[in-house]
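I am starting a notebook on this structure and want to set down what I looked up, in the order in which I looked it up. The sequence and the model come before the entries.

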Amino acid sequence: MAIILRLDRVMADRKISLKELAVKVEISNVNLSNLKTGKVKAIRFSTLDAICRELKCQPGDILEYAEDPPDE
């Protein structure tokens with residue numbers, strides 16, 4: 001199972017910087033950067049809620065599911 005984070009794309013569409021969104025969502029730049037680059041294993045629903053509220057988007061705009069390739 002692979003969950004792909006598309007936060008960078010949504011942020012670019014909304015023309016919002018990492019620093020600006022971090023302030024609005026009230027999380028550190030480092031944590032938001034890790035989310036943006038997909039270097040996380042989990043995200044709190046409260047954080048996802050705050051991000052979606054600020055970016056005026058749905059969770060599905062940020063999160064994408066992709067099946068793992070079959071084992072050979």
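How much space lies in the largest pocket? I found about 230 Å³ there. This is a predicted model, in which local features need pLDDT of at least 70 and side-chain atom pairs count only at pLDDT 80 or more, while totals for chains, interfaces and linings use all residues. Residues are numbered from 1 along each chain as its sequence is written, and side-chain values use heavy atoms, with hydrogens and water left out.

**Entry: pocket and cavity**

On a 1 Å grid over the protein atoms alone, a pocket is an open set of points with protein on both sides within 12 Å along at least five of seven lines, a cavity is a set where a 1.4 Å probe fits but cannot get out, and lining residues have an atom within 4 Å of a point. Grid points are joined across faces, edges and corners, and a volume is the space filled by probe spheres set on the points.

Eleven residues line the largest pocket, and I3, L5, V40, K41 and A42 are the ones nearest its centre. I then asked which element gives the most to this lining. It is strand 1, residues 2–5, with four residues. By the same rule I counted one cavity of 30 Å³ or more. The largest cavity has a volume of about 30 Å³, and its lining consists of L5, L7, L35, I43, I51 and I62.

**Entry: overall layout**

I looked up the secondary structure, where helices (H or I, at least four residues) and strands (E, at least two) are DSSP runs numbered from the N terminus. The protein has five helices and two strands, and from the N terminus their order is β-α-α-α-α-α-β. The C-alpha trace spans about 45 × 20 × 20 Å along its principal axes.

For contacts I used heavy atoms within 4.5 Å. Among contacts between residues at least 6 apart in sequence, 61% join residues at least 24 apart.

**Entry: helix 4 and what covers it**

Which residues of helix 4 are buried? Here buried means under 20% relative accessible area, exposed means over 50%, and partly exposed lies in between, with a 1.4 Å probe and protein chains only. In helix 4, residues 45–55, I listed T47, L48, A50, I51, C52 and L55 as buried. The cover over these residues includes helix 1 (7–14), helix 2 (18–25), helix 3 (29–37), helix 5 (59–62) and strand 2 (63–66). Over the whole protein, buried residues make up 25% of the 72 residues.

A50 counts as buried because its relative accessibility is 7%, and the C-alpha atoms of A50 and N31, 19 residues apart along the chain, are separated by 14 Å.

**Entry: positive phi values**

After helix 4 comes K56, whose phi is positive, near 50 degrees. K15 has phi near 55 degrees and sits in the loop between helix 1 and helix 2. E26 has phi near 65 degrees and sits in the loop between helix 2 and helix 3.

**Entry: two aspartates**

D8 lies in helix 1 and counts as partly exposed at 37% relative accessibility. D8 and L35 are 27 residues apart in sequence, and their C-alpha atoms are 8.8 Å apart in space. D68 is in the segment after strand 2 and is partly exposed, with a relative accessible area of 43%. I also looked up D68 and I3, which are 65 residues apart along the chain, and their C-alpha atoms are separated by 9.8 Å.
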